[in-house]
Amino acid sequence: MRKGAVTLRIMGLIVLTDVFESVAEVFFKKAVISTGMAGVSIGELARFAGSLLVQLPLWYGTFFYALNFVVWMAVLSKVELSVAFPAGSVTYVIVPLLSTLFLHEHVTALRWAGSLLIVAGICFVSRSAPELK
Amino acid sequence: MNIYYFFLIVVHEGFSTAEQVLLKKSADALSPGGLAGAGQYARFFIRVMRSPLVWLAFLMTGLAWLIWFIVLSGVELSVAMPFDSIQYLMILAVCRICLKERLDVMKVAGTLLIICGIILVSAS
């Protein structure tokens, strides 16, 4: 096996970090909504931060971020950041795919085109010559 | 979306990019010769949690989130997403400058394709 190459196992781990990160993101959005503050200015920053800290969803989100962190560190110990980071965009493809398969949502042609470009980009990036250690 | 949020998105990306570089530097420094087996991974994570560099990265994460939350308080996610994809370029730059990773045509072209893809996905 070439050192630094993106194997199927590493791609699986990257997808896993994406899932954890997406779940964290949803909880974070919930936490922001529950503060009841909209269009926060720099002057309101301290009050906004304080009000975020007491929102339960913020801590659920942090938990999922911690899971994401553990897997991500394992990924980074194996591959270059300039390969792992772009490969993380596979989430933009998985979400529309899952919405069609399980939620029977209509996914527009433009969205499929975008997903295809992303897949092509990930293939390019992961085929780039790995660093020799 | 006005310039205020665009500025915040860029600042958010800066913090988030710094976080990634610090994590990558830590992962490399703390896993000499690569990792194999559960025992090695467990010892790796003990070293990770004791590394000042990793805690600096957590500070960057906190700042990146805080700024991102302000963005989300005023802008729809689908509006913010295309601008957020600028971070892919930042990552390429710091990988070259700070981590001395090799950038070849495949990597750069692939990253540009991904950015175009994200813009299309979020436009639809």
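What share of the contacts in chain B with a separation of 6 or more comes from residues 24 or more positions apart? The share is 76%, where contact means heavy atoms within 4.5 Å. This is a predicted model, in which local features need pLDDT of at least 70 and side-chain atom pairs count only at pLDDT 80 or more, while totals for chains, interfaces and linings use all residues. Residues are numbered from 1 along each chain as its sequence is written, chains are lettered from A and ligands numbered from 1 in the order in which they are written, and side-chain values use heavy atoms, with hydrogens and water left out.

**Chain B as a whole**

- Chain B has six helices and zero strands; helices (H or I, at least four residues) and strands (E, at least two) are DSSP runs, numbered from the N terminus.
- The pattern along the sequence of chain B is α-α-α-α-α-α.
- The C-alpha trace of chain B spans about 50 × 35 × 25 Å along its principal axes.
- Chain B has 124 residues, of which 48% count as buried; buried means under 20% relative accessible area, exposed over 50%, and partly exposed in between (1.4 Å probe, protein chains only).

**Helix H4 of chain B**

- Helix H4 of chain B covers residues 77–84, and its buried residues are Ala80(B), Met81(B) and Asp84(B).
- These residues lie on the same side of H4(B) because they cover an arc of only 115° around the axis, the arc being that of the directions from the helix axis to the C-beta atoms.
- An α-helix has 3.6 residues a turn, so residues three or four places apart point the same way.
- In chain B, the buried residues of H4(B) pack against helix H1 (3–30), helix H3 (52–74), helix H5 (87–97) and helix H6 (105–123). They also pack against helix H5 (91–103) of chain A.

**The interface of chain B and chain A**

- In this interface, 52 residues of chain A are in contact with 55 residues of chain B.
- About 4600 Å² is buried between the two chains, and carbon and sulfur atoms give 72% of that area; buried area is the accessible area (1.4 Å probe) that two parts lose on being put together, summed over both.
- The rule finds one salt bridge across the interface, a salt bridge being a side-chain nitrogen of Lys or Arg within 4 Å of a carboxyl oxygen of Asp or Glu.
- Glu80(A) forms a salt bridge with Lys107(B), with the closest N and O atoms 2.7 Å apart.
- On the side of chain B that touches chain A, H1, helix H2 (37–49), H3, H4, H5 and H6 of chain B each give two or more residues.
- H6(B) provides the largest share of that side, 12 residues.

**Individual residues**

- Lys24(B), in helix H1 of chain B, is buried, with a relative accessible area of 2%.
- Apart from neighbours within four places in sequence, Lys24(B) is in contact with Leu76(A), Val79(A), Glu80(A) and Leu81(A), as well as Leu99(B) and Glu101(B).
- Val71(B), in helix H3 of chain B, is buried, with a relative accessible area of 0%.
- Leaving aside neighbours within four places in sequence, the contacts of Val71(B) are Tyr5(B), Leu8(B), Ile9(B) and Ala80(B).
- Val71(B) and His12(B) are 59 residues apart along the chain, and their C-alpha atoms are separated by 9.1 Å.
- Val19(A), in helix H1 (residues 8–34) of chain A, counts as partly exposed at 44% relative accessibility.
- Val19(A) and Ile94(A) are 75 residues apart in sequence, with 9.4 Å from C-alpha to C-alpha.
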